[in-house]
Amino acid sequence: NHFFEPFLFNSLVPILWFDEFRFPPSVQVDMDSSPTGKKGSPVFQLFEKLIKGQENVMPKGKAEWTEWLSGRIKQYEETALPQMHIEEIVGEEEFERKLRQHNGQLMIVKYWKHSCLPCLSYGPFMKEAEVVLKRDHPTQCAFYSVDIKRPENRKLSLWQRITGTPTVQYFHGSRQIGENVEETNLEAFLSHARRAMQGLGLLRP
């Protein structure tokens, strides 16, 4: 049977809308924009990967199944997170120092949290974007991440009005520029970041 039997669907949907799995507006709007080029949302591609071949060990009860899925996500994070790591900012003081340090650059900040399926799904393309931008524009931009579940980052996430993850924001001249970034694939994100740098006079058109 296909993994999307009614039990799994009914169990997954409430989980996705709890704190750990809340989709940001950009992902809600463009769920089929896949960074990998495959059909369908990368969030559900990852979900299928996590449960494929696990049918014989899945708990039957809804609460037990939810706990089991959380465990599967934590196992996945052990190998996946190091591959998508982006230098972290911890706390408001460090955030303000980075704003001053990169005052004349485009500073890109990705907000994320553990056990977040959208964060894990879009993490690889965000890491690739960081590598490409740092390679092609090393003096024009900087890229950081903020784990909003760290106690030190609670005030920062409230300050920046982060209501869902992943969320990406741009900064220049020690202030945020524009709205939250909505691009959900590599090509669109790189193009958006470069246009932002051009608009700031950091790159020639």
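User: Let's start with H172: is its side chain buried or exposed in this model?

Analyst: Happy to begin there. H172 has a relative accessible area of 18%, so with the cut-off for buried at under 20%, H172 is buried. Do keep in mind that this is a predicted model.

User: Where does H172 sit, and what does its side chain reach?

Analyst: H172 lies in strand β3 (residues 167-172). Its side chain comes to 2.9 Å from the backbone oxygen of Q105. Beyond the neighbours within four places in sequence, H172 also has contacts that include N103, G104, L106, I177, L200 and L202.

User: Now the aromatic rings. How should I read a pair, and how many are there?

Analyst: A ring pair is described by the distance of the centres and the angle of the planes. Searching the whole structure gives 7 aromatic pairs. Take F125 and F189: their ring centres are 6.0 Å apart and the planes meet at 80 degrees, so this pair is edge-to-face. It joins distant parts of the chain, with F125 in helix α6 (residues 117-136) and F189 in helix α8 (residues 186-199), 64 residues apart.

User: What kind of pair do F143 and F189 make?

Analyst: A tilted one, because the planes are at 35 degrees, with the centres 6.3 Å apart. Here F143 belongs to strand β2 (residues 141-147), and 46 residues separate F143 from F189.

User: Which residues do the ring pairs link into a cluster?

Analyst: The cluster is made of Y122, F125, F143 and F189.

Note on methods:
Residues are numbered from 1 along each chain as its sequence is written. This is a predicted model: local features need pLDDT of at least 70, side-chain atom pairs count only at pLDDT 80 or more; totals for chains, interfaces and linings use all residues. Side-chain values use heavy atoms; hydrogens and water are left out. Rings of Phe, Tyr and Trp (its six-membered ring) pair if their centres lie within 6.5 Å; planes under 30 degrees apart count as stacked, over 60 as edge-to-face and the rest as tilted. Helices (H or I, at least four residues) and strands (E, at least two) are DSSP runs, numbered from the N terminus. Buried means under 20% relative accessible area, exposed over 50%, partly exposed in between (1.4 Å probe, protein chains only). A polar contact is a pair of N or O atoms within 3.5 Å; within protein, one must be able to donate a hydrogen and the other to accept it, and residues adjacent in sequence count only if both atoms are side-chain atoms. Contact means heavy atoms within 4.5 Å.
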